[in-house]
Amino acid sequence: MAIRERMSGNEAVATAMRQINPDVCGAFPITPSTEIPEYFSQFMANGLVDTQFVPVESEHSAMSVCIGASAAGARAVTATSSAGLAYMWELLYVAASSRLPITMAVSNRALTGPISIGNDHSDSMGARDSGWLQIYAENNQEVYDNFIQGILITEATRLPVMICQDGFITSHGVANIELLEDEKVRDFVGEYEPEEYLLNAENPLAVGPYGTAPYYMEVKRAQAQAMKEAGTAILDVARRFEELSGRSYGFIEEYRMEDAEMAVVAIGSSAGTGKAAVDQLREEGVKAGLVKVRVFRPFPAKELAEALGKVKAAAIMDKAESFSGCGGPMFAETRSALYDLEQRPALVNYIYGLGGRDVTVDHFFHVFRDLEEICSGGEVGEVYRYIGVRDGGAEK
Amino acid sequence: MINMSDKTVEIRWHGRGGQGAKTACLLLAEAAFFSGKYVQGFPEYGPERMGAPITAYNRISDHELTVHSNIYTPDHVVVVDETLLHTVDVLKGLKEGGILIINSKKSAAEIREMLGGYDGKLCVVDAERISTETLGRNFPNTPMLAAVVKASGVLDITRFTNDMRKSFGHKFRTKPEVIEGNMKALQQTLDEVTVE
């Protein structure tokens, strides 16, 4: 029987970590992920886990701890946010190119400039080319489920994984959750038995050597191949997790898309807010739907093309700028994914919710109204848009 | 604005950093959870410092809650510190028929006057007095929680009382004397407060 509980997203991640009982946790606190190592260190002090908890002086070192531990053959986890993730940047690439399984919780927060502790996706979106898998959660239940699955996904693919949730919105919001029993989680993740590891004297190997020109590109090609194939492991773990929990997961979630004429594509907690708008519009007879992107790396190009190929118009929501001058990262990749479709929907992009700007059901109504106009033959106009911003006086 | 599901109750809390508004908000979420409800309890984070105005929110429903925005048209508003009335528009967006629940030693008439002649539903609770009488110190959270539950009618009172006894029993298992004090504070508030 599932355990009915209520807790914040951060506590949910820490609880998953306790149940997993990893070998090593590299720990450095940063808002809004700080509670994760806080809770976890209490579990450790209370003897509930026998993890080697390594409190360090920076996120650079926290990731280095995970890299060293994973290379040595240990199951390694950590958590971070915002500037902390940015400070790990160099090591993110080291972890991914060394093909080291690491599970990292990210409580998404804006990057500095101006300083902000508010939520957006600029931290993990900025790391989208680092070679890490990225899985996003709508609520505390999903981040708990994703973290448990992440352990097996990273070990099966030998690609490190970021388990992302919206900072404060879900990381600090207390809500209902169904936990799995400790022993079920421990059985599910099992013992980590790496094929190759540094502490194996029988089979010596080098980790992180200089990649001279004759070798560097092959390493990158192998990483790219691993990313292309990662989807198989993600779905396989999801299937096994569904058997355990009854909760199903894929690359994307299609919400009321069966006969939808227009759709919104969103990542994270705002997808839930968007669902409320869809429900209301459906009651009014509007054929609205929503696609939530759960897995951003590898990018679910095929699934998005299939889901959006059916609609007349779609709005791609980006909680991060990429300053390309023509749209955010979700938009660029989604539009690219749809290019080969014979019948393409009209696509527009909304940058929204930056630096903790609240995202409301009304914002989604506004987006759907814009899509309705496009569907009824209106001009698409500028596709690169902002919503919820004071923009020359007219707040959308 | 969206017309939320009939059974979703939205509550906005106003307090000052360090006074326990966030804790009380999370306590209400917990109490509602015990009653078998779907709950959300979340504070709005700004530059945090002791004494600065803070806002926290609850959604309580019989249905799963997916909306993750702040609350702009609350069913009820709770004010933990009456001095906020001078600086924060606590009534902003309060729904027609919604209740303002306020911690104060003042009379309802005085509060209405402070709010420029507010003539909506009002529940004044002297949480400091109740807490001092029952717990010996000013811990306003339990009286505020009880006042919100009583005034809003969002939870079944008997079940709430039983659940809270269990919750206090768990929370203060090393300090049994505090359990009785909190239960007295809870009961006294439930007996005393009225909505006018």
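In the predicted model, A:V174 stands opposite B:G41 in strand β2 of chain B. Helices (H or I, at least four residues) and strands (E, at least two) are DSSP runs, numbered from the N terminus. Two strands count as paired if DSSP finds at least two bridges between them. Residues are numbered from 1 along each chain as its sequence is written, and chains are lettered from A in the order in which they are written. Because the model is predicted, local features need pLDDT of at least 70 and side-chain atom pairs count only at pLDDT 80 or more, whereas totals for chains, interfaces and linings use all residues.

The contact between the chains draws 21 residues from chain A and 19 residues from chain B. Two residues are in contact if their C-beta atoms, placed from the backbone, lie within 7 Å. On the chain B side, α1 (21-34) and β2 (38-44) each supply at least two residues. β2(B) gives the most, with 6 residues. By type, the chain B side divides into 12 nonpolar, 6 polar and 1 charged. Here Ala, Val, Leu, Ile, Met, Phe, Trp, Tyr, Cys and Pro count as nonpolar, Asp, Glu, Lys and Arg as charged, and the others, Gly among them, as polar.

Chain A holds 13 helices and 15 strands. Its radius of gyration is 21 Å, close to the 21 Å that the globule rule gives for 396 residues, so chain A is as compact as a globular protein of that length. The radius is taken over C-alpha atoms, and the rule is 2.2 Å times the number of residues to the power 0.38. The C-alpha trace of chain A spans about 70 × 55 × 45 Å along its principal axes. Of its 396 residues, 53% count as buried. A residue is buried if 20 or more other C-beta atoms lie within 10 Å of its own, exposed if 12 or fewer, and partly exposed in between, with C-beta atoms placed from the backbone. Among contacts in chain A between residues at least 6 apart in sequence, 80% join residues at least 24 apart.

Within chain A, β2 (residues 24-27) and β4 (residues 76-80) run parallel and are joined by 2 bridges. A:C25 has A:V77 in β4(A) as its bridge partner.

Helix α12 (residues 329-338) of chain A buries A:P329, A:M330, A:F331 and A:T334. The elements covering these residues include α6 (122-126), β10 (262-266), α11 (301-308), β13 (313-318) and β14 (346-351) of chain A.

Most residues other than glycine have a negative phi, and most peptide bonds are trans. A cis peptide bond joins A:T31 and A:P32, with omega about 0°. A:P32 is in the loop between β2 and α2 (35-45) of chain A. Another cis bond joins A:G113 and A:P114, with omega about -10°. A:P114 lies between β5 (103-108) and α6 of chain A, in the loop. A:N21 has a positive phi, near 50°. This residue lies in the loop between α1 (9-20) and β2 of chain A. A:N21 counts as partly exposed because it has 16 C-beta neighbours inside 10 Å. A:F168 also has a positive phi, of about 65°. A:F168 lies in the loop between β7 (161-166) and β8 of chain A. With 26 C-beta neighbours inside 10 Å, A:F168 counts as buried.

Chain B has 6 helices and 6 strands. Its radius of gyration is 16 Å, which agrees with the value near 16 Å for a compact globule of 196 residues. Of these 196 residues, 45% count as buried.

Helix α3 (residues 127-135) of chain B buries B:A127, B:I130, B:S131 and B:T134. Seen down the axis of α3(B), these residues fall within an arc of 95°, so they line one face of the helix. The arc is that of the directions from the helix axis to the C-beta atoms. They pack against β5 (99-103), β6 (121-125), α4 (141-152) and α6 (176-192) of chain B. B:G136 follows α3(B) and has a positive phi, near 80°.
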